[in-house]
Amino acid sequence: MYKLFKPALSIILPACLLTVSACNNSNTKSTINMTDSLEAKLPAASAFQKTIDGKKTDLYTLKNSKGMEVAITNFGGRVVSILVPDKNGKLTDVVEGFDSVEGYKNAPGPYYGAIIGRYGNRIAKGKFALEGKEYSLFINNSPNTLHGGKVGFDFKVWDAKQIDSTTLELTYLSKDMEEGFPGNLQVKVVYTLTNDNGLKIDYTATTDKTTIVNLTNHTYFNLNGANGGTILNHKAQILADTYTPIDPTSIPTGVIAPVKGTPFDFTQSTVIGSRINDKDEQLTNGKGYDHNFVLTKPSLDTPVATVVGDKSDIEMQIFTQEPGLQFYTGNFMKGDNAMKYGAKDNYRTAFAMETEHFPDSPNEPKFPSVVLKPGQVYKTTTEYKFSIAK
Ligand code: GLA
């Protein structure tokens, strides 16, 4: 399906013939690295041109003046591919995802690439109260509600308008009491590919009744390439002095705890896997990293987090106005799904950094508010920016 990258192949094959055992051993350097030998390219739009729930789905392409390309489908507003140059100038697809809309439709759990709403992350026991009224949500992550409930924004067909070659506007009207949330919520998400290799996401929402909103994006990144193997050797820096520890059901305990002296201290750039197996109650509760970091200084000018792929040297900086960042290390990935480039979604072969308000905020009065009232505008921006590490 994907063309083999000829120069790489002609070098690799003779090496394999000479040392067959080396080619069978996944720990040796001479192993064929699929991302080295496969040309990164966007999936065929035709594989996304279907009808779901009576609405047309498609694949939209953004291109900038630097040759960076991004593909997004309006099924769940999902980021399907991001092609950026690696240290050798070779285009690399840093998104783990599918090459057809069916792929996404058949894999509801992991939320690959999706816009998440109405409430990104968990709400304890699926219950919250607003203006004295109690609301109940669908429990889809027992005993809690995760990422919007039974059918979240990740499974909706959004109305799409390609504004120009670098801008895609997606809109969706979430009706009053959809998934148990009050108010008609009109949502707009604009993806913009900037000329300095940033993918900017602008979220806007308004409501006609008091409600709660917490939107995010759930792209799975592998900065070594979509078939680049483990992400445990990537380096990550998260500018967060504190985080929100969780109970065994992944609900914050309400405590804002310092990261200092714990495996959650990413204030200096650190290899992701270096402490992930430490004996630590929080790592046990999250089955790895699956925690909300309290960003020290949310900003669109200075990065709140930076991750570097160990093989590609591709660096991703994250800028956001959101107070929190959920860092998830693919702990629930099991290799069940056939992804782009013939890859499987194996354990910890991708990570997500979801910029958002804190989990379970509706039930934690001390956390920043997620309440949106009629007349107010929910407006927030996050940018993922790519370069080569210095
Ligand atoms: C979020 C959650 C994780 C997991 C993934 C999807 O990141 O915090 O616990 O559910 O989504 O698998």
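User: In which loop is Glu131 found?
Analyst: This is a predicted model in which local features need pLDDT of at least 70 and side-chain atom pairs count only at pLDDT 80 or more, while totals for chains, interfaces and linings use all residues. Residues are numbered from 1 along each chain as its sequence is written, and side-chain values use heavy atoms, with hydrogens and water left out. Helices (H or I, at least four residues) and strands (E, at least two) are DSSP runs numbered from the N terminus. On that numbering, Glu131 is found in the loop between strand E9 (127-130) and E10.

User: Is Glu131 buried or exposed?
Analyst: Glu131 is not a glycine, yet its phi is positive, at about 45°. Residues under 20% relative accessible area count as buried, those over 50% as exposed and those in between as partly exposed (1.4 Å probe, protein chains only). Because its relative accessible area is 62%, Glu131 is exposed.

User: Is Tyr111 buried or exposed?
Analyst: Tyr111 sits in the loop between helix H4 (101-105) and E7, and its phi is near 60°, a positive value in a residue other than glycine. Tyr111 is also one of the residues around the ligand, where a residue is near if one of its heavy atoms lies within 4 Å. With a relative accessible area of 11%, Tyr111 is therefore buried.

User: How far is a polar side-chain atom of Glu354 from an oxygen atom of the ligand?
Analyst: The residues around the ligand include His147, His218 and Glu354, and a polar contact is a pair of N or O atoms within 3.5 Å. Oxygen atoms of the ligand lie 3.1 Å from an N or O atom in the side chain of His147 and 2.9 Å from one in the side chain of His218. For Glu354, the distance from a polar side-chain atom to a ligand oxygen is 2.8 Å.

User: How much of the accessible area that the ligand has on its own does the protein cover?
Analyst: On its own, the ligand has 300 Å² of accessible area, computed by the Shrake-Rupley method with a 1.4 Å probe. Of this area, the protein covers 94%.

User: Which strand gives the most to the lining of the largest cavity?
Analyst: A search of the whole structure finds one cavity of 30 Å³ or more, and the largest cavity has a volume of about 40 Å³. On a 1 Å grid over the protein atoms alone, a cavity is a set of points where a 1.4 Å probe fits but cannot get out, and lining residues have an atom within 4 Å of a point. Among the lining residues are Asp290, His291 and Asn292. With three residues, the strand that gives the most to this lining is E22 (residues 290-294).

User: Which residue does a cis peptide bond join to Gly117?
Analyst: The peptide bond from Ser142 to Pro143 is cis, with omega near 5°, and Pro143 is placed in the loop between strand E10 (133-136) and strand E11 (145-146). Another cis bond, with omega of about 0°, joins Gly117 to a residue in the loop between strand E7 (114-116) and strand E8 (122-123). That residue is Arg118.

User: Which backbone oxygen does the side chain of Thr57 reach?
Analyst: Thr57 lies in the loop between strand E2 (55-56) and strand E3 (59-63), and counts as buried because its relative accessibility is 3%. At 2.7 Å, its side chain reaches the backbone oxygen of Phe48.

Conventions. Polar contact = N/O pair within 3.5 Å; in protein donor to acceptor, adjacent residues only side chain to side chain. 1 Å grid on protein atoms, 1.4 Å probe; cavity = no way out; pocket = protein on both sides within 12 Å on 5 of 7 lines; lining within 4 Å. Points joined across faces, edges and corners; volume = space filled by probe spheres on them.
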